[in-house]
Amino acid sequence: MAEGLESYTREQLIELLEITAKDLIAIDGTWFQSLEREQGMDTAMEHDRNAWKRFVPSEARRLRTFLDLDEHSGLEGLAKALPLRCTSLANEWEIVWEEDGSLVFRITNCRVQNARARKGMEFHPCKSVGILEYGEFARALDDRLRCECVSCFPDITDETCNCAWRFWMEK
């Protein structure tokens, strides 16, 4: 399926992976903006949530297989998988371990919001999509994982990042 890739260097393959991740974010934004223009933000957001709800479990399963994680890999497995998500590969992010043992995943430089700002558009109100996206991803990796929004547009509580998501193990 990936015929010809063996002729590229490791550095070229990493660059290609980053390009592909950026392309995925771009096509996602392109269809979203088309729907937003034609039918409004509410309809576009409904379709965005539906698309991510269908996509995220399969993304999690593929990454679990790739990383050889068992179905109860916990926060440690999540910390390995989150950086490999297509959205993570296209953005700048960090993982912070909290004193209580929870994990916070922060997008510190978001391509979607940057692109909308460049175009003079309002920010994408991504919190409702993010709650579904990050929560479903975590649960698909390990059904004991839970997620909550720390900060995400339109409810920004942390000005040092575009969004932040806290994960913990349900007891």
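This briefing covers the overall fold, the core, the aromatic rings and the cysteines of one protein.

The model is predicted. The protein has six helices and four strands. Its radius of gyration is 17 Å, close to the 16 Å that the globule rule gives for 171 residues, so the protein is as compact as a globular protein of that length. The largest nonpolar core holds 32 residues. The count of disulfides is zero.

**Overall fold**

- Read from the N terminus, the elements run α-α-α-α-β-β-α-α-β-β.
- The C-alpha trace spans about 45 × 45 × 30 Å along its principal axes.
- Of the 171 residues, 41% are buried.
- Take the contacts between residues at least 6 apart in sequence: 57% of them join residues at least 24 apart.

**The largest nonpolar core**

- Five residues have the most contacts inside this core: Leu78, Leu82, Tyr134, Phe137 and Phe167.
- Helix H6 gives the largest share, seven residues.

**Around Tyr134**

- Tyr134 is among the core residues with the most contacts inside the core.
- Setting aside neighbours within four places in sequence, Tyr134 touches Leu82, Arg85, Thr87, Phe105, Ile107, Cys147, Trp165 and Phe167.
- Arg85 lies over the face of Tyr134, at 5.3 Å from the ring centre.
- Arg85 also lies over the face of Phe137, where the distance to the ring centre is 4.7 Å.
- Tyr134 belongs to a cluster linked by ring pairs, together with Trp93, Phe105, Trp165 and Phe167.

**Aromatic pairs**

- The structure holds seven aromatic pairs.
- One of them joins Trp31 and Phe32 edge-to-face, with 6.1 Å centre to centre and 70° between the planes.
- In that pair, Trp31 is partly exposed, at a relative accessible area of 30%. Phe32 is buried, at 4%.
- Trp93 and Phe105 form a stacked pair, with 5.7 Å between centres and 25° between planes.
- The Trp93–Phe105 pair links distant parts of the chain. Trp93 sits in strand S1 (residues 92-97) and Phe105 in strand S2, 12 residues apart.
- Trp93 is partly exposed, with a relative accessible area of 32%. Phe105 is buried, with a value of 0%.

**Cysteines**

- A disulfide is a covalent bond between the sulfur atoms of two cysteines.
- Zero disulfides are counted in this model.
- Cys110 is in no disulfide. Its nearest cysteine sulfur belongs to Cys126, 6.2 Å away.
- Cys110 is buried, with a relative accessible area of 12%.
- The cysteine sulfur closest to that of Cys152 is also in Cys126.
- Cys152 counts as buried because its relative accessibility is 0%, and buried means under 20%.

Notes. Residues are numbered from 1 along each chain as its sequence is written. This is a predicted model: local features need pLDDT of at least 70, side-chain atom pairs count only at pLDDT 80 or more; totals for chains, interfaces and linings use all residues. Side-chain values use heavy atoms; hydrogens and water are left out. A nonpolar core is a set of buried Ala, Val, Leu, Ile, Met, Phe, Trp, Tyr and Cys residues joined through side-chain atoms within 4.5 Å. Buried means under 20% relative accessible area, exposed over 50%, partly exposed in between (1.4 Å probe, protein chains only). Helices (H or I, at least four residues) and strands (E, at least two) are DSSP runs, numbered from the N terminus. Contact means heavy atoms within 4.5 Å. Rings of Phe, Tyr and Trp (its six-membered ring) pair if their centres lie within 6.5 Å; planes under 30 degrees apart count as stacked, over 60 as edge-to-face and the rest as tilted. A charge sits over a ring if NZ of Lys or CZ of Arg is within 6 Å of the ring centre and within 35 degrees of the ring normal. A disulfide is a pair of cysteine sulfur atoms within 2.5 Å. The radius of gyration is taken over C-alpha atoms; the globule rule is 2.2 Å times the number of residues to the power 0.38.
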